[in-house]
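Open the model in your viewer and keep the selection tool at hand. We will go from stop to stop, and at each one you will hear what to pick and what is there.

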Amino acid sequence: MHITITPLRVLHRFLAFAGAALLIGQPALAQARRFSADDLPRIVRLSDPQLSPDGKSVAVVIGRANLVDNRWDGQLTLIDVATKASRVLTVDRRGVGSLRWAPDGRALAFLANDSAGRAQVHVMAMGGGDARQVTAHKTTITHLAWRPDGAALAYAAADDEPERTGEARFEDAFEVGNNSFLDRVARRPTHIWMVTLADAVARRVTSGPQSIPVGLPPSGPPSQLNWSPDGTSIIFQQAATAATGDTDSSRLASVEVATGTVRALLPGATRQSGPRLSPDGRSVAFVSPRGGIAAQQSRVMVADLAGGAARDAAPDLDVDVELVGWLADGQSLLLSGTDGTHGGLWVARGGKATRLDLGDLDPVTAAVQGSGIVFTATTADRPPELFVMPTIKARPAVLTKVQTATDGLTLGRQETITWASDGYTADGVLTYPPDYKPGTKLPLVLYIHGGPVAASRQSFSTSAHILAAQGWLVLEPNYRGSNNRGHVFQEAIIRDAAAGPGRDIMAGVASLDQRGLIDRSRMAVSGWSYGGMMTSWLIGNYPDAWAAAVAGAPVTDILDQYTTADNNRARAGQYGPSPFVGDNMASYAKQSPIQFAWRAKAPTLIMADVGDWRVTIPQAYKLYRALSDNNVPVTFVAYPVPGHSPADPIRARDVWRRWVDWLKPRLAPAAAR
């Protein structure tokens with residue numbers, strides 16, 4: 001079983017670790033012992049760890065920056081649990097991922113790109129030899145799963161476009177649905193196929209307009225396929241259409257492989273996602289939002305396939321959880337989530353959840369196999385390493401020591417702070433400069449996480465360390481809507497997208513001021529995505545507070561977010577009913593930062609991708625026009641790439657160079673400006 005712990009839901013972590021870790025800069029002699037851009041290319045990516053069925057080996061993708069070709073290159077690596085010795089299994093293969101052990105552990109399947117750049121299924125025998133490509137699908141493959149007998153694999157891929165000749169080549173108009181305005185062709189449904197290894201022959205299993213949802217980054221990994229123990233059926237997640245805004249229609253389904261007959265698995269109108277079939281095939285666990293609204297807390301439900309109502313796997317656990325998978329006993333589930341400013345893993349059994357003792361480790365990704373757990377985790381002063389627990393009672397054992405970027409460097413310390421706001425208790429992570437001296441008032445930089453269903457945690461945050469290395473205090477606030485302080489706190493953002501969260505953030509700033517920590521004449525606010533939205537809100541609603549601002553991929557008009565983004569209507573539950581029904585337009589305007597941008601005074605840097613499907617770039621243009629028309633110093637930088645933030649090493653480096661360079665002169669002492 002495999003899951004990635006909310007890299008899709010936790011956008012601030014995507015930027016704070018994945019994005020900032022790409023930075024490369026010039027030597028800074030004055031701060032040679034601090035975390036700097038020079039160290040960032042050495043941060044290694046660990047992804048998709050999978051424990052072998054016998055528990056003796058872990059397969060993982062280890063990625064390193066390739067600055068010559070401006071990409072990340074991943075190598076499939078095998079690590080011996082007992083000796084910690086590692087062996088590289090693939091060299092010069094692009095797009096390696098989605099690792100899956102054969103049921104008997106004698107082979108490993110994975111996805112890797114073919115010569116046309118399409119992900120295909122490859123299988124490598126553990127006894128030796130190179131991997132064999134077993135599919136030649138016309139479109140990119142997004143899922144794979146071994147049949148229990150190990151003789152075949154199921155996989156999923158989007159339907160290919162029909163071939164057109166002559167004048168028909170130009171008959172390319174398409175019907176628009178609940179999709180991003182950036183789509184240039186109709187999205188084709190994603191369906192299940194099966195390939196037998198003996199002859200590499202593939203055949204279609206499902207068809208029709210319904211589709212397996214394939215989330216665009218940063219939505220997280222696709223839902224996996226679940227074979228029944230007898231190999232006759234597959235349980236999966238199915239949406240009404242392939243449109244990205246129709247994911248709220250996702251329900252669990254089962255397909256009979258021999259006939260292709262699909263049936264709904266469970267009743268109910270609430271979104272069902274991420275199914276995991278129990279080892280005995282009698283029960284299915286899945287994720288469902290409390291109350292069915294996107295902004296609300298996710299819970300893991302369990303349903304017996306023989307019938308009966310689904311039940312909450314951990315009704316007393318007030319944590320927004322993700323489902324990792326079943327343990328070998330078929331009665332226990334491994335869950336992950338955030339509690340306060342710390343990530344955690346829980347075992348749910350019999351309706352009770354028990355938190356595992358991970359010490360000071362903050363888990364990033366996790367997977368289960370049998371009774372064992374493998375996961376990546378950070379500490380406050382070290383990027384992710386790989387850990388294994390042979391049983392849930394074992395202490396985590398480190399398997400890798402690939403991270404050397406922080407060796408010999410002095411990092412600022414972190415602490416969790418809490419404060420009161422509107423009857424809630426909010427929290428955040430405060431990072432001090434490496435040379436902090438008590439009693440000194442310092443500039444403050446807010447780094448606000450995205451989501452909003454996310455949270456800043458006490459973990460290795462390259463963003464916080466980069467900013468703190470400049471001599472600034474860095475506060476990463478968890479405002480209402482964050483998923484770290486229970487469902488009441490998380491739901492408080494519904495129909496209050498910015499004003500309430502803004503008060504929470506400003507209350508956090510006030511708490512630092514009361515402690516005598518900050519110089520209020522030198523404060524900056526910054527963030528990406530929802531963090532960019534809160535930046536835009538705060539400069540308009542608290543215009544005299546800020547010396548500078550950085551707004552990355554900012555949501556400035558939630559009407560645009562509803563009408564043009566990839567998740568469009570699926571996000572309406574957070575903002576309120578459709579703005580085009582009744583007088584709801586007024587509510588949308590009230591929650592939109594652009595309505596207050598004319599008040600802003602802070603010099604602002606805006607950054608966005610031109611091909612951002614999650615927060616469409618016209619919203620950044622609106623903020624730019626509003627600030628420039630009101631004579632506020634503003635620079636708008638657009639990156640000519642798709643995606644929610646630059647993912648390649650060079651452009652991601654540029655993002656953070658500009659971020660720091662924009663703030664540095666504006667947070668300098670008055671005499672130095």
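## Stop 1: charged pairs

Start by selecting D69 and R71, which form a salt bridge (a side-chain nitrogen of Lys or Arg within 4 Å of a carboxyl oxygen of Asp or Glu); here the closest N and O atoms are 3.6 Å apart. Before going on, a note on what is on screen: this is a predicted model, in which local features need pLDDT of at least 70 and side-chain atom pairs count only at pLDDT 80 or more, while totals for chains, interfaces and linings use all residues. Residues are numbered from 1 along each chain as its sequence is written, and side-chain values use heavy atoms, with hydrogens and water left out.

Colour by accessibility if you can, with buried as under 20% relative accessible area, exposed as over 50% and partly exposed in between (1.4 Å probe, protein chains only). D69 is partly exposed because its relative accessible area is 43%. R71 is partly exposed too, at 24% relative accessibility.

Next, pick R395 and D357, a salt bridge whose closest N and O atoms lie 2.6 Å apart. This pair links distant parts of the chain, 38 residues apart: R395 sits in the loop between β28 (382–389) and β29 (397–398), and D357 in the loop between β25 (352–355) and β26 (362–369). The strand and helix names follow DSSP runs, numbered from the N terminus (helices are H or I with at least four residues, strands are E with at least two). Both R395 and D357 are exposed.

Now move to R480 and D422, where the closest N and O atoms of the salt bridge are 2.8 Å apart. Here too distant parts of the chain are linked, 58 residues apart, with R480 in the loop between β33 (473–478) and α3 (487–491) and D422 in the loop between β30 (414–421) and β31 (424–431). Is R480 buried or exposed? R480 is buried, since its relative accessible area is 4%, whereas D422 is partly exposed at 45%. The structure as a whole holds 32 salt bridges.

## Stop 2: the nonpolar cores

Select L444, L446 and W546, the residues with the most contacts inside the largest nonpolar core, which has 57 residues. A nonpolar core is a set of buried Ala, Val, Leu, Ile, Met, Phe, Trp, Tyr and Cys residues joined through side-chain atoms within 4.5 Å. Then show helix α5 (residues 530–541), which gives the most to this core, with six residues.

Centre on L444 and display its contacts (heavy atoms within 4.5 Å). Not counting residues up to four places away in sequence, L444 touches L473, L475, V509, L512, I518, R522, M523 and A524. A second, separate core has 33 residues, among them L40, V445, V641 and V660.

Buried residues in α10 include W656, W659, V660, W662 and L663.

## Stop 3: an open sheet

Which order do the strands of the open four-stranded sheet follow? The order is β6-β7-β8-β9, with antiparallel pairing, where two strands pair if DSSP finds at least two bridges between them. At the edges are β6 and β9 (132–133), each pairing on one side only.

Select β6 (residues 97–101): four of its five residues are buried, so this strand is largely enclosed by the rest of the structure. Three bridges pair β6 with β7 (residues 107–113) in the antiparallel sense, and G97 stands opposite L111 in β7. Five residues lie between the strands of this hairpin, where G105 takes a positive phi near 75 degrees. On to β8 (residues 119–125), which runs antiparallel to β7 and is joined to β7 by seven bridges; look for A109 opposite V123.

## Stop 4: around β11

Finish with β11 (residues 152–158), a mostly covered strand with six of its seven residues buried. β11 pairs with β10 (residues 141–146) in the antiparallel sense over five bridges, with A154 as the bridge partner of A145. In the hairpin of β10 and β11, G150 has a positive phi near 75 degrees. β11 also pairs antiparallel with β12 (residues 190–196), over seven bridges; there, Y155 has W193 as its bridge partner.
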